[in-house]
Amino acid sequence: MAHGGCNWPRRLCKGKMLAVGVLAGLSVLSLLTYGYLSWDSLGLGPGVTEATRTGLGEELGTGVPSSQPHIIFILADDQGFRDVGYHGSEIRTPTLDKLAAEGVKLENYYVQPMCTPSRSQFITGKWVFELWLGYLQYTYTYGSYSGDKCQSVGLYQIHTGLQHSIIRPTQPNCLPLDNVTLPQKLKEVGYSTHMVGKWHLGFYRRECMPTQRGFDTFFGSLLGSGDYYTHFKCDSPGICGYDLYENDNAAWDHDNGIYSTQMYTQKVQQILASHDPSKPIFLYIAYQAVHSPLQAPGKYFEHYRSINNINRRRYAAMLACLDEAINNVTLALKKYGYYDNSIIIYSSDNGGQPMAGGSNWPLRGSKGTYWEGGIRAVGFVHSPLLKNKGSVCKELVHITDWFPTLITLAEGQIDEDIQLDGYDIWETISEGRRSPRVDILHNIDPIYTKAKNGSWAAGYGIWNTAIQSAIRVNHWKLLTGNPGYSDWVPPQAFSNAGPNRWHNERVSWTAGKTVWLFNITADPYERVDLSAKYPDVVKQLLRRLSQFNKTAVPVRYPPKDPRSNPKLNGGVWGPWFKEDEKKKKSDKSKGANKQKKNKNKKKANWKKGPSLHCRSRLAGG
């Protein structure tokens, strides 16, 4: 089925308009749907009294319910594509199965291959040239940057400076301070905004913290992983600290040895109990599960004793606990009067990690790779507000699409000067219409390990195929460089069936290969490389990569800062960077003198477009 006449304008740094062809309808797996337990068979958990509701900060009202929907975004961590009941998993997920079956399953849904990139693109919905601003303001030698700044013009990870890996605990790096976030936009139109769970968008200075980025409250962890019970994390030998926060302070009072999935759910229940359901609320619930370390309460192992692979068994127990937690969140939405006017979105942040129990079968690859197993995610929308309930959406959707979609649903405004990569895809999901999206630049990572046999010659003189990159346009997906771990890991790998089947599914590498082309519509498992058969298609996609790369900013991956050591911060992971007081006073004085002059100058410059210095610097990136 052709995607009727959908041309997509994309604004580059120089303001060029590009249009691409039409998008053919995309097909994905048709997988088994497993049964589910009744809602009543799973408990709500710790109750919240009416006194607690009024004692947690908000007086309950009796006003007319808002037309703005309550938005609940649930982000799982490292959940594999197969690891949900309705994708044929042996792991039971009755809550997820029921919510998805009664909502809309997203079966052509993409995220980024690792934690930080997916979270940053969800919360900003755009690619901005100033995502490296924090690093320019801070250097390891505590110097300063005096150059001009490029204005925000949007394009993918390559324009965030976050195109390599994740934000490490000891790095002076975070989501840029001048980027408008989803909770900030929702607050503008009256939403109460709350985050519970894993942040992983940097914290080296207080301004990077969730409560400074639009959330009224925050309860959770700042790092990418940690112990589920003690909430301690060691980044390296001797560099260890506590990582549980309530707003801007370490939550020592909550250190009661409670498993984080259950603890976060209890917090969500308390927030819902204390808020007035006639007023809109945005809840971002970023569970730690099912990321390593593989830990779960003993009772969740009950149904999985037969799984011989210990990592898979632990992973299954963790996922079972997560499924029950989401049931309890849903019951709380109903109990406290939110459900009928709510939109629940469920997503994984990236593919599963087979070595840590996850499964992406029958997709190829794993977390951290640009094969489908690393970037194609479990996702669905559940809401009484959906028009086509109980349906499957096979249209192309990306995690950046949630930003404009949710702001529009919330009756908010997206400023004209904010250029987004995401699209409003509510009608695509709710009504079954065609997606406005026709392509995805998965990433270009210039500092990832280079492919030894890559070259400009292999890229027809258009592109250096030693560089790791991946792009999707319509049916076609192109990968270059070293795409990462590329095996297909079948379910047998997690049982006592032996390793033979797994080994038979391993890749037979062609010597010197650094370019792959797949028709993802016809071959979602990436088994048939078509790069030799369709060289003209390869060239077209390489040109697209080259166009994107001309506007890329330098990778923002600063070295460790020794001041980040929790031993210097009371044993807690937390903000450590403080600007020199004299410099702050000097900057404040200079800013007061120049504020009026610069304000008018900046407006004039922006109307003309980015400065020549900005354009030349980006083109050189």
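1. At 3% relative accessibility, Lys-185 counts as buried, where buried means under 20% relative accessible area, exposed means over 50%, and partly exposed lies in between, with a 1.4 Å probe and protein chains only. This is a predicted model, in which local features need pLDDT of at least 70 and side-chain atom pairs count only at pLDDT 80 or more, while totals for chains, interfaces and linings use all residues. Residues are numbered from 1 along each chain as its sequence is written, and side-chain values use heavy atoms, with hydrogens and water left out.

2. The side chain of Lys-185 meets that of Asp-415 in a salt bridge of 3.7 Å, N to O, a salt bridge being a side-chain nitrogen of Lys or Arg within 4 Å of a carboxyl oxygen of Asp or Glu. Because Asp-415 lies in the loop between helix H9 (402-409) and helix H10 (426-431), and Lys-185 in helix H5 (residues 182-188), the pair ties together parts that are 230 residues apart in sequence. Helices (H or I, at least four residues) and strands (E, at least two) are DSSP runs, numbered from the N terminus. Asp-415 is partly exposed, with a relative accessible area of 36%.

3. The structure holds 25 salt bridges, and one of them joins the side chains of Arg-312 and Asp-83 at 2.9 Å, N to O. Arg-312 belongs to helix H7 and Asp-83 to the loop between strand E3 (70-76) and H2, so this pair ties together parts that are 229 residues apart in sequence. Both Arg-312 and Asp-83 are buried.

4. Asp-248 forms a salt bridge with Arg-206, with the closest N and O atoms 3.7 Å apart. Here the linked parts of the chain are the loop between strand E10 (245-246) and E11, which holds Asp-248, and the loop between strand E6 (192-198) and strand E7 (217-221), which holds Arg-206, 42 residues apart. Asp-248 is buried, with a relative accessible area of 17%, whereas Arg-206 counts as partly exposed at 46% relative accessibility. Elsewhere, a network of salt bridges links Asp-77, Arg-119, Lys-198 and Asp-349.

5. An open sheet of 10 strands runs in the order E11-E10-E7-E6-E12-E3-E13-E14-E4-E15, with mixed pairing, two strands being paired if DSSP finds at least two bridges between them. Strand E11 (249-250) and strand E15 (391-393) stand at the edges with a single partner strand each, so one side of each is left without a neighbour in the sheet. Strand E4 (residues 104-106) pairs with E15 in the parallel sense over three bridges, and Lys-105 stands opposite Val-392 in E15.

6. Helix H2 (residues 94-101) packs on the sheet, touching E4, strand E13 (342-348) and strand E14 (379-382), and its direction makes about 65 degrees with that of E14. For such angles, axes are lines fitted to C-alpha atoms, for helices over the stretch in contact, and angles run from 0 to 180 degrees between N-to-C directions.

7. The largest nonpolar core has 106 residues, and those with the most contacts inside it include Phe-122, Tyr-346, Val-381 and Trp-402; a nonpolar core is a set of buried Ala, Val, Leu, Ile, Met, Phe, Trp, Tyr and Cys residues joined through side-chain atoms within 4.5 Å. Helix H7 (residues 310-335) gives the most to this core, with 13 residues. A second, separate core of 18 residues includes Ile-444, Leu-530, Leu-541 and Phe-548.

Technical notes
Contact = heavy atoms within 4.5 Å.
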